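Please read the following notes with the model open beside them.

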Amino acid sequence: MDKVDNSSLEELMKKELTVEMQNEFFEILKESQLFMPVSYSKNIFEGIENAEAGDVIEPEGQVGFNITYITNSDGNNAVPLFTSSEILDSVVESSSMAIYMSDLADLLKQTDKYSIIAINPFTDFDINMPVEAFLSLFEDPLEKQKKSLN
């Protein structure tokens, strides 16, 4: 597995972003894989302890995860994302998964539970953005054009 390297994203986050730098930040963010705190369903690892190579494991019931979100003082739910597992571990004790931002966008399109994306929350170089702005990064240019005409 490739090591997740978000150093260029972190460097931009530590600076006062100009318009040009914001565009660069968004382009890098779109391609990034960030760490998201999650809680897994209780049965996700069922049967794995005695498994051998080649075994097929079929846990009972639905298997999955939930985003461990944070809620701000206005009652808005934020999806916390971290540029490294070290930063995540210094802020919160949680299971986590590395997720590509395009995959996260696909997940967020299916719910209205979250209104903010919080990158490196509780650090000196955090960035918050509305979920709508985050999702617009992944829209097809033709779809964007159609929306602006309406």
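1. The expected span of a helix is taken as 1.5 Å times one less than its number of residues. Helix α2 has 13 residues, so it should span 18 Å, and the 19 Å between its end C-alpha atoms agrees with that. The model is a predicted one, and the distances here are computed from it.

2. Which residues of α2 are buried? They are M21, F25 and L29. Seen down the helix axis, the buried residues of α2 fall within an arc of 75°, so they line one face of the helix. The face turned away from that buried side carries V19, E20 and E31, which are exposed.

3. What covers the buried residues of α2? The cover includes the helices α1 (7-13), α4 and α5 (131-136). Strands β1, β6 and β7 are also among the elements that cover them.

4. The structure holds two salt bridges. Side chains of opposite charge can pair when their charged atoms come close. One of the two bridges joins E27 to K30, with the closest N and O atoms 3.9 Å apart. The cut-off for a salt bridge is 4 Å between such atoms. Both residues belong to helix α2 (residues 19-31), and because they are three residues apart there, about one helical turn separates them. E27 is partly exposed, at a relative accessible area of 48%. K30 is also counted as partly exposed, with 23%.

5. The other pair is K109 with D106, whose closest N and O atoms are 3.8 Å apart. K109 counts as exposed, with 51% relative accessibility, since the exposed class begins over 50%. D106 has 41% and counts as partly exposed.

6. Which residues make the nonpolar surface patch of about 220 Å²? Y40, F65 and L107 make it. L107 is found in helix α4, which runs over residues 101-108. The relative accessible area of L107 is 34%, so this residue is partly exposed.

7. Q33 lies in strand β1, which covers residues 33-40. Is Q33 buried or exposed? Q33 is buried, with a relative accessible area of 18%; the buried class is under 20%. Leaving aside neighbours within four places in sequence, Q33 is in contact with V4, N6, A98, I99 and Y100.

8. The loop between β6 (116-119) and β7 (127-130) includes N120. Phi of N120 is near 55°, a positive value in a residue other than glycine. N120 is buried, with a relative accessible area of 0%.

9. F122 is also placed in the loop between β6 and β7. Its phi is near 65°, again positive in a residue that is not glycine. Is F122 buried or exposed? F122 is exposed, with a relative accessible area of 65%, whereas N120 is buried.

Note on methods
Residues numbered from 1 in each chain as written. Predicted model: local features only at pLDDT ≥ 70, side-chain atom pairs only at ≥ 80, totals over all residues. Heavy atoms only, no water. Patch = residues over 30% accessible without salt bridge, like charges linked within 9 Å, V, L, I, M, F, W, Y side chains within 5 Å. Areas by Shrake-Rupley, 256 points an atom, 1.4 Å probe, with all protein chains shown as cover. Salt bridge = Lys/Arg side-chain N within 4 Å of Asp/Glu carboxyl O. Helix = DSSP H or I, 4+ residues; strand = E, 2+ residues; numbered from the N terminus. Buried < 20%, exposed > 50% of the residue type's maximum accessible area, 1.4 Å probe, protein only. Contact = heavy atoms within 4.5 Å. Arc of directions from axis to C-beta.
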